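Hi,

Here is the structure I promised to pass on.

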Amino acid sequence: MAESENIFLRAKHRTFSGLTEDAQCEWKGPFCFIQAADPQLGLMKAWRDGDCDGGGEEWAEEVELTKQAVEAVNQLRPRPKFMVLCGDLVHAMPDTPFRDGQERDLKAALKGTDPSIPLVFVSGNHDLGNTPTPSTVEQYCNAWGDDYFSFWVGGVLCLVLNSQLFYDASACPQLKEAQETWLEAQLSRASSSSSTDPKPKHVLVFQHIPLYLESPDEEEQYFNLQRVVRQNLLDRFKKAGVKAVFSGHYHRNAGGCHGGLDMVVSSAIGCQLGDDTHGVRVVVVTADSVIHRYHSLEQLRVQGMDEDLRKLLQA
């Protein structure tokens with residue numbers, strides 16, 4: 001695979017050509033990956049100025065933080081199998097000023113990623129618009145790759161979803177229906193007892209908006225999915241054996257494990273809305289478990305991943 005293809009890995013036909021070889025369907029031992037979220041170039045100054053709707057004209061801070069994240073991830077040994085960015089890549093909404101510049105500068109910052117670490121992109125509400133349209137989804141796909149797709153890595157099935165289609169698909173109902181049909185087929189195959197379908201060691205989901213922040217029965221709000229939508233997805237995910245759902249959007253660490261499904265909400269590379277520091281999440285996948293821990297960018301750069309996580313990779 002050419003370096004440019006590896007750095008900006010794009011899904012075609014809803015799968016990753018670079019991560020779907022038969023060998024990737026087989027479990028070959030523990031591995032790690034990095035989950036990041038919300039670089040959201042342009043939000044930090046807009047948040048300080050109190051102008052999150054109209055601001056966003058400066059994003060040098062987020063570019064520097066993204067470069068720090070890349071530097072820290074590049075130093076990890078063993079190398080992560082991939083790094084996934086769970087949405088809100090930039091702050092500027094589609095068809096607004098600063099959008100092109102923010103996307104250009106984020107891609108430039110990410111080009112420093114070691115070619116052996118594929119980047120996986122997840123669409124967020126700022127990437128698609130709070131009410132996405134066929135046009136905004138097409139713009140995103142042209143810039144970053146498909147908005148939903150699957151890939152296998154090390155015997156683990158990963159599903160990347162467009163959570164904005166769960167949140168508000170009123171302007172693109174056909175796109176919502178298409179994702180639903182595709183998702184149901186993916187979940188059915190994951191739980192199939194057929195000898196012709198590979199059996200995943202684990203099933204992981206990546207989306208921008210969390211199902212919930214703390215509890216499955218919490219009230220709905222801006223930072224989680226509506227209760228009816230949430231429960232529907234929870235039921236389907238549990239039936240298919242989904243181990244964990246990774247998301248961003250909240251700009252704080254949150255989540256919880258309920259009924260055997262871990263809802264992982266990670267804080268941001270960029271703007272912090274709580275008490276967390278700029279960081280990413282190190283995820284270690286073993287035969288029995290998916291263990292994860294948020295690391296600050298400084299901690300990861302200076303110390304690497306925590307020693308207990310590293311030891312799990314040597315098992």
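**Around asparagine 125**

Setting aside neighbours up to four places off in sequence, asparagine 125 is in contact with Asp88, Met93, Asn130, Gln164, His208, Tyr222 and His249. Before you read too much into that list, bear in mind that this is a predicted model. Asparagine 125 sits in helix 5, residues 125-128. Its relative accessible area is 1%, so asparagine 125 is buried, the cut-off being under 20%.

Phi of aspartate 88 is near 50°, which is a positive value in a residue other than glycine. You'll find aspartate 88 in the loop between strand 2 and helix 4 (99-110). Aspartate 88 counts as buried, at 2% relative accessibility.

Phenylalanine 98 is also in the loop between strand 2 and helix 4. Phi is positive there too, near 80° for phenylalanine 98, again in a residue other than glycine. How accessible is phenylalanine 98? With 34% relative accessibility, phenylalanine 98 counts as partly exposed.

One more backbone item: the peptide bond running from arginine 77 to proline 78 is cis, with omega near -5°. Proline 78 belongs to the loop between helix 3 and strand 2 (83-86).

**The chain as a whole**

The protein chain has 11 helices and 11 strands. Its radius of gyration is 18 Å, close to the 20 Å that the globule rule gives for 315 residues, so the chain is as compact as a globular protein of that length. Taken along the principal axes, the C-alpha atoms fill a box of roughly 55 × 45 × 40 Å.

Of the 315 residues, 55% count as buried. The accessible surface is about 12,900 Å², and carbon and sulfur atoms account for 48% of that. If you look at contacts between residues at least 6 apart in sequence, 67% of them join residues at least 24 apart. As for charge, there are 30 positive and 44 negative side chains, and the centres of the two sets lie 6 Å apart.

**The cores**

Which residues touch the most other members of the largest nonpolar core? They are Leu85, Phe121 and Val280, in a core of 40 residues. Helix 3 (residues 60-74) supplies the largest share of this core, with 6 residues. Apart from it there is another core, this one of 29 residues, with Tyr148, Leu159, Trp182 and Tyr250 among them.

Back to valine 280: leaving out neighbours within four places in sequence, it is in contact with Ile34, Gln35, Ala36, Ala69, Ile269, Arg293, Tyr294, His295, Leu297 and Leu300.

Valine 122 is found in strand 3 (residues 119-122). Valine 122 is buried, with a relative accessible area of 0%. Not counting residues up to four places away in sequence, valine 122 touches Val84, Leu85, Cys86, Gly87, Leu89, Asp127, Tyr140, Val160, Leu161, Phe206, Gln207 and His208. Arginine 99 is 23 residues from valine 122 in sequence, and the two are 17 Å apart in space, C-alpha to C-alpha.

**A few other spots**

Aspartate 306 is in the loop between helix 10 (297-303) and helix 11 (307-312). Is aspartate 306 buried or exposed? Its relative accessibility is 19%, and since the cut-off is under 20%, aspartate 306 counts as buried. Residues up to four places away aside, aspartate 306 touches Arg293, His295 and Gln299. Among these, Arg293 and His295 are also contacts of valine 280.

Cysteine 257 is in strand 8 (residues 254-258). With a relative accessible area of 52%, cysteine 257 is exposed.

Last one: glycine 29 lies in the loop between helix 1 (3-7) and strand 1 (31-36). Glycine 29 is buried, at a relative accessible area of 18%. Glutamate 184 is 155 residues from glycine 29 in sequence and 28 Å from it in space, C-alpha to C-alpha.

Cheers

Terms used
Residues numbered from 1 in each chain as written. Predicted model: local features only at pLDDT ≥ 70, side-chain atom pairs only at ≥ 80, totals over all residues. Heavy atoms only, no water. Core = buried A, V, L, I, M, F, W, Y, C linked by side-chain atoms within 4.5 Å. Buried < 20%, exposed > 50% of the residue type's maximum accessible area, 1.4 Å probe, protein only. Helix = DSSP H or I, 4+ residues; strand = E, 2+ residues; numbered from the N terminus. Contact = heavy atoms within 4.5 Å. Rg over C-alpha atoms; globule rule 2.2 N^0.38 Å. Areas by Shrake-Rupley, 256 points an atom, 1.4 Å probe, with all protein chains shown as cover. Lys, Arg positive; Asp, Glu negative; His and termini not counted. Charge placed at Lys NZ, Arg CZ, Asp CG, Glu CD.
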